[in-house]
Amino acid sequence: MRMHRGSSKGVRESPRAAGSLPLSASPPSIRVVLEITRGSSVDRRDQVVESGTSVRALLRRAGQSGEGCAVLLDGTPVPLDTPIDRALTLVVVPTFSGG
């Protein structure tokens with residue numbers, strides 16, 4: 001038996017899952033503390049970023065050049081392309097100064 005296109009009788013395919021998140025859903029926000037050290041002073045800045053933001057992008061947002069500083073997490077250097085996936089405190093040490 002052949003059914004026409006609008007028939008509700010017949011085998012139905014299950015709806016496909018959406019390939020992306022709805023517009024109302026946004027990535028989770030993460031709090032990151034930057035401790036920018038210069039000599040004996042420390043400039044502490046709180047930043048809120050989306051999950052997956054790179055360390056380089058975070059530094060740019062804070063007005064720092066990623067290529068001109070070392071970034072440490074618990075005393076260990078962190079690559080600038082590392083995605084941020086949890087709340088953390090990063091120590092930023094400028095490695096050169098203008099002049």
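Student: So in what order do the five strands sit in the sheet?

Tutor: The order is 2-1-5-3-4, in an open sheet with mixed pairing. Strands here are DSSP E runs of at least two residues, helices are H or I runs of at least four, and both are numbered from the N terminus. Two strands pair if DSSP finds at least two bridges between them.

Student: Which strands stand at the edges?

Tutor: Strand 2 and strand 4 (76–77) do; each has a single partner strand, so one side of each is left without a neighbour in the sheet.

Student: Before we go on, what am I looking at, an experimental structure or a prediction?

Tutor: This is a predicted model: local features need pLDDT of at least 70, side-chain atom pairs count only at pLDDT 80 or more, and totals for chains, interfaces and linings use all residues. Residues are numbered from 1 along each chain as its sequence is written, and side-chain values use heavy atoms, with hydrogens and water left out.

Student: Okay, back to the sheet. Which way do strand 1 and strand 5 run, parallel or antiparallel?

Tutor: Parallel, joined by five bridges. E35 stands opposite V91 in strand 5.

Student: And how many bridges hold strand 3 and strand 5?

Tutor: Four, and that pair is antiparallel. There, C69 sits opposite P94 of strand 5. Strand 3 (residues 69–73) is also antiparallel to strand 4, with two bridges, and L72 faces P77 of strand 4.

Student: What's in the loop between strand 3 and strand 4?

Tutor: D74 is in that loop. D74 has a positive phi of about 55° although it is not a glycine.

Student: Is D74 buried or exposed?

Tutor: Exposed, because its relative accessibility is 74% and the cut-off for exposed is over 50%; buried means under 20%, and partly exposed is in between (1.4 Å probe, protein chains only).

Student: How about Q47, buried or exposed?

Tutor: Q47 is buried, at a relative accessible area of 12%. Q47 belongs to strand 2. Leaving aside neighbours within four places in sequence, Q47 is in contact (heavy atoms within 4.5 Å) with residues including I30, V32, L58 and R61.

Student: New topic: which residues touch the most other members of the largest nonpolar core?

Tutor: V32, V55 and L90, out of 18 residues in that core. Strand 1 (29–38), helix 1, strand 3 and strand 5 (88–94) each supply at least two of its residues, and the largest share, four residues, comes from strand 1. A core here is a set of buried Ala, Val, Leu, Ile, Met, Phe, Trp, Tyr and Cys residues joined through side-chain atoms within 4.5 Å.

Student: What does V55 touch?

Tutor: Beyond its neighbours within four places in sequence, V55 contacts V71, V78, P79, L80, T82, I84 and L90.

Student: And where's T53?

Tutor: T53 is in the loop between strand 2 (41–50) and helix 1 (55–61). The T53 side chain reaches the backbone oxygen of E50 at 2.7 Å. Not counting residues up to four places away in sequence, T53 touches L58, T82, P83 and I84.

Notes:
A polar contact is a pair of N or O atoms within 3.5 Å; within protein, one must be able to donate a hydrogen and the other to accept it, and residues adjacent in sequence count only if both atoms are side-chain atoms.
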